[in-house]
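Here are my notes on the model you asked about, as numbered points. Have it open while you read.

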Amino acid sequence: MFLYVANWKMNFPFNKAVHFGKYNYDGFLRIHNLPQKKIILCTEFTQLKSLCDIFEKTYIDIGAQDCSSFTSGSYTGQVSAESLQNIGCNYCIVGHSEKREYDCETNEEVALKVARVLEVEITPILCVGEKKEQHAAAKVQDVLKEQLEPVFKIIKEMEMIRPRICIAYEPVWSIGTGVVPPKEYIEAVFKFIIDLCKKNAPNVEILLLYGGSIDESTAAFIKSVRHLNGFLIGGASLDFQKFEKIVKL
Ligand code: PGA
């Protein structure tokens, strides 16, 4: 199964998002029903319930873009993983570079969010990746280790039997820039992540996604990356025709 995760970010206000879902309902179903393809739409909090309702009778999944690192309590403005589960979300993006950057999310907070999400049987889409200057300094492995180690630690403490985690490798310098790394570079990063997971979290089922400037032209060659299980798509997911072309490749 190949995952196509649409990350709409904050690009659609509520009315537009609902319209987009309804207007393209048949189209989404058509591409979702292609063999071995799975569509996941990640929307703003306010739109989640409506999108869950629109796609209720389908296997298209709806995901959130974040959740609280706390279970419940006095955390004004936050949204719990349990609420996401209650309204029908099956996935939740965690640790997106924009959350890390603009909301100063730490690796430890991200790990707590992964735990909250797994507790309610939502699959986390954990985003990792190096910034431009870290890339220039060839620090990708150090960065990934720092980002993943707190997650391994918390998963070990949870003693779950076989949790499933999507790890989305998104080089920050590739997000929204049109610049994508060479295939060999992504393969080397994936190998590093796989080895790290084997060593530190052998019980976890890992699905590897790539994200960063995926469009009709870049998707074709990135799709042949070894061990790739899916794409996390930002900009190109806002235009149904572009999204469809990527899914059909
Ligand atoms: P992009 O965004 O496809 O627009 O580069 C990807 C992401 O931020 O998840």
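1. Starting with the shell around the ligand: by class, this shell holds 4 nonpolar, 7 polar and 2 charged residues. Here Ala, Val, Leu, Ile, Met, Phe, Trp, Tyr, Cys and Pro count as nonpolar, Asp, Glu, Lys and Arg as charged, and the others, Gly among them, as polar. Of the 13 residues around the ligand, the ones that come nearest are Lys9, His96, Glu170, Gly176 and Ser213; a residue is near if one of its heavy atoms lies within 4 Å of the molecule.

2. Before going further, keep in mind that this is a predicted model: local features need pLDDT of at least 70 and side-chain atom pairs count only at pLDDT 80 or more, while totals for chains, interfaces and linings use all residues. Residues are numbered from 1 along each chain as its sequence is written, and side-chain values use heavy atoms, with hydrogens and water left out.

3. Which atoms sit by the ligand's oxygens? Histidine 96 has a polar side-chain atom 2.8 Å from an oxygen atom of the ligand, and glutamate 170 has one at 2.7 Å from a ligand oxygen. With glycine 176, a polar backbone atom lies 2.7 Å from an oxygen atom of the ligand. On its own the ligand has 290 Å² of accessible area, and the protein covers 94% of that (Shrake-Rupley method, 1.4 Å probe).

4. The largest nonpolar core has 69 residues, and Phe28 and Phe231 make the most contacts inside it. A nonpolar core here is a set of buried Ala, Val, Leu, Ile, Met, Phe, Trp, Tyr and Cys residues joined through side-chain atoms within 4.5 Å; buried means under 20% relative accessible area, exposed over 50%, and partly exposed in between (1.4 Å probe, protein chains only). Not counting residues up to four places away in sequence, phenylalanine 28 touches Trp8, Phe20, Ile39, Leu41, Phe55, Ile60, Phe240 and Phe243, where contact means heavy atoms within 4.5 Å. Another core lies apart from the largest one and has 13 residues, including Leu3, Leu207, Leu209 and Leu232.

5. Helix 3 (residues 45-54) is worth a look. Its buried residues are Gln47, Leu48, Ser50, Leu51, Cys52 and Ile54, and they pack against helix 1 (14-23), helix 2, strand 3 (61-64) and helix 4 (81-87). Helices (H or I, at least four residues) and strands (E, at least two) are DSSP runs, numbered from the N terminus.

6. Is glutamate 105 buried or exposed? Glutamate 105 is buried, at 7% relative accessible area, and sits in the loop between helix 5 (97-102) and helix 6 (107-119). Its side chain makes a polar contact of 2.5 Å with the side chain of lysine 113 (a pair of N or O atoms within 3.5 Å; within protein, one must be able to donate a hydrogen and the other to accept it, and residues adjacent in sequence count only if both atoms are side-chain atoms). Among the other residues in contact with glutamate 105 are Asp66, Gly95 and Arg100.

7. Please check two backbone angles. Cysteine 104, in the loop between helix 5 and helix 6, has a positive phi near 50 degrees without being a glycine, and is exposed at 56% relative accessibility. Glutamine 36, also not a glycine, has a positive phi of about 60 degrees; glutamine 36 lies in the loop between helix 2 (25-32) and strand 2 (37-42) and is exposed at 53%.
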